[in-house]
Amino acid sequence: MAKANPLQEQLLKAGLVKKSKVAAVAREQHVARHAKAQAAPSEATLEAERARAEKAERDRALERERKAQAQAAELRAQARQIIHDRKLAAAGEIEYRFTVDAAIRTVLVNDDQRRKLAAGALVIVRVGEGFALLPRAAADKVRERDAGMIVLDHGLSADAEPAAASSEDDAYYAQFQVPDDLVW
């Protein structure tokens with residue numbers, strides 16, 4: 001039995017309480033003194049927890065953004081590598097003109113390359129500040145990784161669907177003949 005306080009001893013001597021009741025009260029008091037009571041969280045604690053949760057969410061969002069940027073950079077690097085490996089040598093005396101960013105640019109090609117460009121077998125891509133010719137298969141791989149590098153593609157691509165009014169336009173423009181060897 002735990003040591004009783006003087007009041008409890010007096011009550012025991014007077015016969016007003018039983019010894020078991022005194023022991024039970026002493027145990028309750030001991031537990032109350034030594035037990036770790038869970039106090040209600042204060043406003044400051046709640047605010048600190050809320051701030052930690054917000055910071056964790058911001059960190060996760062930043063990490064997702066960094067991963068997306070790293071993946072985009074990796075895809076651009078893959079596209080540049082494909083261009084570097086598969087580009088055709090610039091050879092020719094014929095100037096092939098095309099528009100990029102509202103400016104007319106020129107690439108020197110030979111007659112065979114000019115025909116392939118017009119047919120869509122070759123594609124013009126941006127390489128740094130210059131331009132290069134790529135075969136259709138390599139250009140499709142580049143388009144999958146970074147479509148912004150494709151500058152000129154006369155071949156029918158998946159994202160260029162004919163409009164519904166094109167049949168009417170085709171019928172109207174059929175009366176105007178355009179020479180096959182037109183060079184501008």
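Asp101 lies in the loop between β1 and β2; helices (H or I, at least four residues) and strands (E, at least two) are DSSP runs, numbered from the N terminus. The model is predicted, so local features need pLDDT of at least 70 and side-chain atom pairs count only at pLDDT 80 or more, while totals for chains, interfaces and linings use all residues. Residues are numbered from 1 along each chain as its sequence is written, and side-chain values use heavy atoms, with hydrogens and water left out.

Strand β1 (residues 94-100) and strand β2 (residues 103-109) run antiparallel and are joined by seven bridges; two strands pair if DSSP finds at least two bridges between them. Val100 stands opposite Ala103 in β2. The hairpin has two residues between the strands. Most residues other than glycine have a negative phi. Asp101, although not a glycine, has a positive phi of about 55°. Ala102, also in the loop between β1 and β2, has a positive phi near 60°. Asp101 is exposed, with a relative accessible area of 64%, and Ala102 counts as exposed at 87% relative accessibility. Here buried means under 20% relative accessible area, exposed over 50%, and partly exposed in between (1.4 Å probe, protein chains only).

## Nonpolar cores

In soluble globular proteins, nonpolar side chains tend to be buried together. A nonpolar core is a set of buried Ala, Val, Leu, Ile, Met, Phe, Trp, Tyr and Cys residues joined through side-chain atoms within 4.5 Å. The largest nonpolar core has 12 residues, including Ala79, Ile82, Ile83, Val123, Leu134 and Ile150. Two or more residues of this core come from each of α3 (43-86), β3 (122-127), β4 (130-135) and α5 (136-145). Apart from this core lies another, of 10 residues, among them Tyr96, Val109, Leu122 and Leu133.

Met149 belongs to the largest core. Leaving aside neighbours within four places in sequence, Met149 is in contact (heavy atoms within 4.5 Å) with Ala79, Arg80, Ile83, Ile124, Val125, Arg126 and Val142.

## Helix α5

Ala138, Ala139 and Val142 are buried in α5. These residues cover an arc of only 100° around the axis, so they sit on the same side of α5; the arc is that of the directions from the helix axis to the C-beta atoms. Ala138, Ala139 and Val142 are also members of the largest nonpolar core. The cover over the buried residues of α5 includes α3, β3, β4 and β5 (150-152).

Helix α2 (residues 19-34) has 16 residues and should span 22 Å at 1.5 Å a residue; the end C-alpha atoms are 23 Å apart, which agrees. The expected span of a helix is 1.5 Å times one less than its number of residues.

In α2, the residues Val22, Ala23 and Ala26 are buried. Their arc around the axis is only 100°, which puts them on the same side of α2. These buried residues pack against α1 (6-14). The face of α2 turned away from the buried side carries the exposed residues Ser20, Lys21, Arg27, Glu28, Val31 and Ala32. Gln8 lies in helix α1 and is buried, with a relative accessible area of 11%. Not counting residues up to four places away in sequence, Gln8 touches Val22, Val25 and Gln29.

## Aromatic pairs

A search of the whole structure finds four aromatic pairs. Rings of Phe, Tyr and Trp (its six-membered ring) pair if their centres lie within 6.5 Å; planes under 30 degrees apart count as stacked, over 60 as edge-to-face and the rest as tilted. Tyr172 and Phe176 form an edge-to-face pair, 5.6 Å centre to centre with 70° between the planes. The rings of Tyr173 and Phe176 have centres 6.3 Å apart and planes at 50°, so this pair is tilted.

Tyr172 counts as partly exposed at 47% relative accessibility, and Phe176 is partly exposed with a relative accessible area of 45%. Tyr173 is exposed, with a relative accessible area of 54%.
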